[in-house]
Amino acid sequence: MIHIPSGKGRFVILALLVFAISSFFLLGPYNVHPGYTSPLGQADQQEKSPAGGAILTGHAIAPKLSNATAKAELGRAAWKVLHTTFGRFPEKPTAEEQEALRSYVHLFQRLYPCGDCAEHFGQVLSKYPPQVSSRSAAAMWGCFVHNIVNKRLKKPEFNCEEIGDAYDCGCGDEKPEGSDHKEAA
């Protein structure tokens, strides 16, 4: 049974989702690694901030979050958003959709409201970049990195074969409006 937070928890989930989506639309897709050629054909054009650092690979922006209760609530809400996003990702995404998810994960990490958590997750991302070739790849990658974080925090690990059940949004199989490509059954 999934616990759906009420009050502040729902607000945190909604705020994170709105922030991440609006960030992507304002900033667009970006390359993450030097020399990387995106599926969109943009080779080695890593976007830079006005200060010269890479937008997606720079330091965590938020300060440390010392309130343990707020940190735990934020973490649960963040994982819910991420796992639900991965579970709703197309099984056969376009190159643009793949780049959108890759950018989303990196922006999510940089802008995460707990600075020390964001720095630790940035280290995980540098070692294990987001897998965006399909819904299954994204969901399994998400479970894998969640387990890395849980291990560091001395929390129990998830059985990745059951991650869809643990983070089922109850959304069903409906497709997003305007979705022209077909998914595998």
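Arg152 counts as partly exposed because its relative accessibility is 47%, where buried means under 20% relative accessible area, exposed over 50% and partly exposed in between (1.4 Å probe, protein chains only). Arg152 sits in helix 5; helices here are DSSP runs of H or I with at least four residues, numbered from the N terminus.

A word on the model: it is predicted, with local features needing pLDDT of at least 70 and side-chain atom pairs counting only at pLDDT 80 or more, while totals for chains, interfaces and linings use all residues. Residues are numbered from 1 along each chain as its sequence is written, and side-chain values use heavy atoms, leaving out hydrogens and water.

Let's follow Arg152 to its partner. The side chains of Arg152 and His120 make a polar contact at 2.8 Å, although 32 residues separate the two in sequence; their C-alpha atoms are 9.6 Å apart.

Next comes helix 4, which has 13 residues and reaches 19 Å from first to last C-alpha, close to the 18 Å expected at 1.5 Å a residue (1.5 Å times one less than the number of residues).

| Group in helix 4 | Residues |
|---|---|
| Buried | Gly115, Ala118, Phe121, Val124, Leu125 |
| Exposed, on the other side | Gln123, Ser126, Lys127 |

Phe121 touches residues including Trp79, Trp141 and Val145, not counting residues up to four places away in sequence.

Technical notes
Contact means heavy atoms within 4.5 Å. Helices (H or I, at least four residues) and strands (E, at least two) are DSSP runs, numbered from the N terminus. A polar contact is a pair of N or O atoms within 3.5 Å; within protein, one must be able to donate a hydrogen and the other to accept it, and residues adjacent in sequence count only if both atoms are side-chain atoms.
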